[in-house]
Amino acid sequence: MSEGGRRIAIGIDESDFAEQAFNYYADNMKKDDDYVILIHTPERYNVMDANLGTPVKRATVLQEILEEVKVKVRKLEEKYKKKMEEKGLKAGKFVTRRGDPGEAIVHVAEKESCDLIITGSRGMGMIRRTILGSVSDYVLHHAHCPVLICKHEGYKK
């Protein structure tokens, strides 16, 4: 455990699964001196395969996509800052990383010397998880610290 309280990493996105994981931590596990690091990896868009016409048109579309991502990230950060206040969480920060979500969560949690990683689970079946991969599965197998995977359907509090 780090000096001055636990450092808790929580993987978040726009999903109900992420919100349920955050709420579970805040309602059942938080301590007054916890420092919460919310980790978000924006959705990736593959524009290279799209037929967008001229290079100028491609650049315009790419700029629009990047602006849309910035707006989504800003809204998500505002939402979780408000939730932290509502749940009485006094210290923390919001971190955005590009790339694979599982790798980003593990990397940031290790860099920040986190004591625990919390993530939601989308509840994919074995076949989908084998084909697509799973963020929670990756985090569980690569994290340097304990991992809590919240699989509470309907947990909203």
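The legends below describe several close-up views of one predicted model.

Local features are described where pLDDT is at least 70 and side-chain atom pairs where pLDDT is 80 or more, while totals for chains, interfaces and linings use all residues. Residues are numbered from 1 along each chain as its sequence is written, and side-chain values use heavy atoms, with hydrogens and water left out.

View 1. Strand β1 covers residues 7-12; here helices (H or I, at least four residues) and strands (E, at least two) are DSSP runs, numbered from the N terminus. In β1, 6 of the 6 residues are buried, so the strand is largely enclosed by the rest of the structure; buried means under 20% relative accessible area, exposed over 50% and partly exposed in between, with a 1.4 Å probe and protein chains only. In a regular strand the side chains alternate between the two faces of the sheet. Arg7, Ala9 and Gly11 lie on one side of β1, Ile8, Ile10 and Ile12 lie on the other, and all of these are buried.

**View 2. The strands that pair with β1.** Strand β1 runs parallel to strand β2 (residues 35-40), to which 6 bridges join it, and two strands are said to pair if DSSP finds at least two bridges between them. Within this pairing, His40 of β2 is the bridge partner of Ile12. From β1 the chain passes through helix α1 (residues 16-28) to β2 in a right-handed β-α-β crossover, meaning that, with the strands pointing away from the viewer, the path from the first strand over the helix to the second runs clockwise. Strand β4 (residues 116-120) is also parallel to β1 and is joined to it by 3 bridges, with Ala9 standing opposite Ile117 of β4.

**View 3. The nonpolar cores.** The largest nonpolar core holds 22 residues, of which Ile10, Ile12, Phe22, Tyr25, Leu38 and Ile118 touch the most other members; such a core is a set of buried Ala, Val, Leu, Ile, Met, Phe, Trp, Tyr and Cys residues joined through side-chain atoms within 4.5 Å. Two or more residues of this core come from each of β1, α1, β2, α2 (55-86) and β4, and α2 gives the most, with 7 residues. A second, separate core of 12 residues includes Ala9, Val95, Ile117 and Cys145.

**View 4. Ala18 in helix α1.** Ala18 lies in helix α1 and counts as buried, at 4% relative accessibility. Leaving aside residues up to four places away in sequence, Ala18 touches Gly11, Ile12, Asp13 and Tyr80, where contact means heavy atoms within 4.5 Å. The C-alpha atoms of Ala18 and Cys150 are separated by 8.6 Å, although these residues are 132 residues apart along the chain.

**View 5. Two serines in loops.** Ser113, in the loop between α3 (101-111) and β4, is partly exposed, with a relative accessible area of 45%. Ser113 has a positive phi of about 55° although it is not a glycine. Ser134 is in the loop between α4 (126-132) and α5 (135-142) and is buried, with a relative accessible area of 17%.

**View 6. The annotated span 59-86.** An unreviewed UniProt entry lists residues 59-86 as "coiled-coil region"; its positions are given in the numbering used here, feature names are shortened, and annotations may be inferred rather than shown by experiment. In the model this span is 100% helix and 0% strand, and its end C-alpha atoms lie 41 Å apart.
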